[in-house]
Structure formats: C-alpha cells, structure tokens
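The following questions and answers examine one protein structure. Please consult the sequence and the model alongside the text.

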Amino acid sequence: MVNVERFIEQSIKEIKREVRGKAIIALSGGVDSSVCAAMAHRAIGDRLVPIFVDTGLMRKGEVERIRSAFGHMNPCVIDASKRFLDALKGVVDPEEKRKIIGETFIRVFEEVGREVGASYLIQGTIYPDRIESEGGIKSHHNVGGLPTEIKFDKIIEPLRDLYKDEVRRVARALGLAPEICERMPFPGPGLAVRIIGEVTKEKLEVVSEANAIVEEELVEEFRPWQTFAALLEKGTGVKGDQRIHGWIIAVRAVESRDGMTATAIELPWEKLKKIETRITSEIPNVSRVVYDITPKPPATIEFE
C-alpha cells in the first residue's frame, strides 16, 4: 500500500527535478490528471500550462465542468472536435481508433507546446494503463496509443505505478474536491470506445445523451466503479405505431477495485425499466436498450 504523504513529497521533487522550463499538463477532469495537475502546480507553479482538449468525444457538459473545477489554474481549452472526428472518419477497428486518438492528442499538445514554449508533457498514466497496453489487451491512448515520434523532451507520468484506488487516496490527501476524488473513470479515447464501428456525429449525440441518463440514474444511488451507455448497432422497433430502424444502446454498471477485474451490478428490475424508458423516450432514434451482465474477464469494462 502506498504511503500517500511520502508519495506526494517524492512526486513533487521528481517534477521539480525533471522539468526545466515550462510543462503542459494534459487535463481531462478525471481524478488521475487532476492529481497530476495539483502536484505539478505545487512543484513548478506558473510554469505549468494546463490544457484541456475538447475532442468532441467527452461526456455531456464536460467543458463547463472543467472551467468550473480548474478555473484557478486558468486552463487553456482547445476545441479540436472537428479534427478528431475527421481523423476517425471511416475507421471501424478499435485499436486503430485508439491509436488515431492517441496520436491526435499528442499532435495538439505539441502545437500548444511550441506556442507556449513548453518542452515537457505531464500526463496521468496509471499502472493498469501500462499493464493493459503492454500486455496487448488494448492500447490506452496515453501508452500504447502514442506515436513513436514525439516532439517533447520528456513525458512525465507521476502516477505510473499506482492503481486507481491509490490515486483516489492521493487526491484526498491533496485536498481535492470530493466530486473529483470519487469521480468514475472515463476512458481517454472518450465516447469513441463506447461506439461500435465508425464514430459519427449522430452516434456521438445519441451515446452522449444515453450516457448522461445512465449516470443520472445510477451514480448517486448505486455508487458503481463505472457505469455508462454504449452504442452497438441498429435494430428494428416500433414508435408511435410506426416501424423504425433505430440504435441499440447497451447499459453497463460494474463493481471493481482496480479495473483489472470487474463484476456487473445486479440492478433492480424497476431501475432497469426506468433507464430503458427514459432512453427510448428521450432519444427518438433509439429502438431498444439492453443490460450487459458480462464480468471482466472475459469482457473488458469498456466495449472497445
């Protein structure tokens, strides 16, 4: 078990030692990048440039949430949504999607780095990211999804040896807000890995709304490790006495300690019915909703 106070002290020393000049912090709003941002801010102060890249693949309302939570750091918010969507056009392979997103992130950070004179990139890679990328389970955008050529002097990953529950303990010790400390994991590639096949604007709009409904219904009441909606394919349905060919949404809610294994939560039938009713009534082009009960393994938590 990590000694939290010692870890914070050593991480701040490491960042001070490694960063000679300005550094960009890849800020996402999740607990991992928030912990990195807090420690890096203590280490190098105004030499830290917090960057939030709006990929268009984020949760509903995420940009506003970032501005509110990190306003004291004056984060630079970059709208790169069209750039990411264009890069993903026609791509259906999950690994290719992850690698495209990883490379696009890096290229955006490199461009900002040149503009502000930053030669270092700090990011919130944690130990399970490394295990799954290096083990070939899937490429995380900040590990296996990175391009081979990167125009930074160094990438600094203070959390590289920690599991998620340990990161949360560090967050609490740093005095971060509870809504950040306890926030559910969200994949670096965003909603792109909650869409089977090609990522399109229509699919993103559907899965974003469905994801928001699932979070509203389950997060506070059931406190899952992770819960979300994924868009699968199209299936037939009936709405308003008319046959439709609409999207199929899968709901996922799991319990886990570290994300390496997970079990599906046995949700009450009435809650599942409410989620189905809300999704199919509030999103016109959804025809059906299913609940995924598969543990990890054999499944992964995310769909891609």
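Q: Into which domains is the chain divided, and how many Å separate their centres?
A: In this predicted model, the chain is divided into domain 1, residues 4-182, and domain 2, residues 201-291. Taken over C-alpha atoms, the distance between the centres of domain 1 and domain 2 is 28 Å.

Q: How many residues does each domain give to the contact, and what area do domain 1 and domain 2 bury between them?
A: Domain 1 gives eleven residues to the contact, and domain 2 gives twelve residues. Of the area buried between the two domains, 60% lies on carbon and sulfur atoms. The buried area is about 990 Å².

Q: How many salt bridges are found across the interface of domain 1 and domain 2?
A: The interface of domain 1 and domain 2 has two residue pairs in polar contact, both at pLDDT 80 or more. For salt bridges across the interface of domain 1 and domain 2, the number found is three.

Q: How far apart are the closest N and O atoms of E209 and K60?
A: A salt bridge requires a side-chain nitrogen of Lys or Arg within 4 Å of a carboxyl oxygen of Asp or Glu. E209 and K60 form a salt bridge, and their closest N and O atoms are 3.1 Å apart.

Q: Which element gives the largest share of the side of domain 1 that touches domain 2?
A: The elements that give two or more residues to this side of domain 1 are α6 (127-134) and α7 (164-173). The residues of the side divide into five nonpolar, one polar and five charged. The largest share, three residues, comes from α6.

Q: Is R59 buried or exposed?
A: R59 is found in the loop between β2 (48-54) and α3 (62-69). Leaving aside neighbours within four places in sequence, R59 is in contact with R183, M184, F186, N211 and E215. The relative accessible area of R59 is 8%. Because a residue counts as buried under 20%, R59 is buried.

Q: Which residues does T104 touch, not counting those up to four places away in sequence?
A: T104 has its place in helix α5, residues 94-116. T104 is buried, with a relative accessible area of 9%. The residues that T104 touches are R83, F84 and A87.

Q: What distance separates the C-alpha atoms of V63 and G29?
A: V63 lies in helix α3 and is buried, with a relative accessible area of 17%. Beyond neighbours within four places in sequence, V63 is in contact with F52, D54 and V77. V63 and G29 are 34 residues apart along the chain, and their C-alpha atoms are separated by 9.1 Å.

Q: What is omega for the cis peptide bond that joins P297 and P298?
A: Most peptide bonds are trans. In the segment after β9 (286-291), where P297 is found, a cis peptide bond joins K296 and P297, with omega of about -15°. P298 also lies in the segment after β9. The cis peptide bond between P297 and P298 has an omega of about 15°.

Q: What is the phi of D241?
A: Most residues other than glycine have a negative phi. D241 has its place in the loop between β6 and β7 (242-255), and D241 is exposed, with a relative accessible area of 79%. Although D241 is not a glycine, its phi is positive, at about 65°.

Note on methods
Residues numbered from 1 in each chain as written. Predicted model: local features only at pLDDT ≥ 70, side-chain atom pairs only at ≥ 80, totals over all residues. Heavy atoms only, no water. Domains from an automatic or database assignment. Contact = heavy atoms within 4.5 Å. Buried area = accessible area lost by both parts, 1.4 Å probe. Polar contact = N/O pair within 3.5 Å; in protein donor to acceptor, adjacent residues only side chain to side chain. Helix = DSSP H or I, 4+ residues; strand = E, 2+ residues; numbered from the N terminus. Nonpolar A, V, L, I, M, F, W, Y, C, P; charged D, E, K, R; others polar. Buried < 20%, exposed > 50% of the residue type's maximum accessible area, 1.4 Å probe, protein only.
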